[in-house]
Amino acid sequence: MDGPPRRLRDITGHDHRALENIRELYGESFPANERKPESFIREAADRDDYSLLAMIEGPRVVAFAIVYRSADQELSLLEYMATAPDRMSRGLGSAVFKEVAARNMGRVLILEVEAEESSGSSDAPARRRKSFYRNLGCRQLQGLNYRMPKVSSTAPPPMHLLVVESRTKVKRNTIGRWLEDIFRNVYGVIEPEQAVQSMLSDCPESIPLV
């Protein structure tokens, strides 16, 4: 028997019910050290440089993505994406991701993914998430010691940066510009240059995508 019809929708600050659904799913899907305050959801919906995309099933949001689109660099950051636990393994996350990628065609699409080294199990959530994105065409910036800025009282786990990008290598200086933009506009770091250069200090002139 078919379930309720599904549709992808852009969510704005006027979509109060959908925003509340997203807020609840956001809280369920990400650990506290990776979550911004809940007010972030509504703030992102009202910002010109953010977009919220939701998969709606009947009256309910069953998957969503929150995307930052830089005004100064040809890059977008898929900051958060999640699927409701009871709707996993039904292709909803893949559908949302593919729509995000299509809407950001011509830009570098960047993702922060928890490093699988932080968990020892081969079927750990971090490994599954990374495999999910790799199967959708994402590649990792090899050797980059990425440290996501704190968004709560405790530090986030070690992260890797994945990208959707046609090049096989990216210049270190280019990545530096990307990260400075993200640190300023996504995380509110006023002077990100020192932190970014510290992350890139051991990287070669051109960083491979693997």
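Me: Which residue in β4 is the bridge partner of Ala63?

Reply: That's Thr83. This is a predicted model, so local features need pLDDT of at least 70 and side-chain atom pairs pLDDT 80 or more, while totals for chains, interfaces and linings use all residues. Numbering starts from 1 along each chain, and side-chain values use heavy atoms, without hydrogens or water.

Me: OK, how many bridges join β3 to β4, and do they run parallel or antiparallel?

Reply: There are 7 bridges, and the two strands run antiparallel. β3 covers residues 60-69. Strands pair here if DSSP finds at least two bridges between them.

Me: How many residues sit between β3 and β4?

Reply: There are 5, and the two strands form a hairpin.

Me: What about β4 and β5, parallel or antiparallel?

Reply: Those two run parallel, joined by 4 bridges. β5 takes in residues 108-114.

Me: Is β4 itself buried or exposed?

Reply: Buried: 9 of the 9 residues in β4, residues 75-83, are buried (under 20% relative accessible area, with exposed over 50%, partly exposed in between, 1.4 Å probe, protein chains only). So the strand is largely enclosed by the rest of the structure.

Me: Switching topic: what share of the protein's residues is buried?

Reply: Buried residues make up 48% of the 210.

Me: And how many helices and strands are there?

Reply: The protein has 6 helices and 9 strands, taken as DSSP runs (H or I, at least four residues; E, at least two) numbered from the N terminus.

Me: What does the C-alpha trace span?

Reply: About 55 × 35 × 35 Å along its principal axes.
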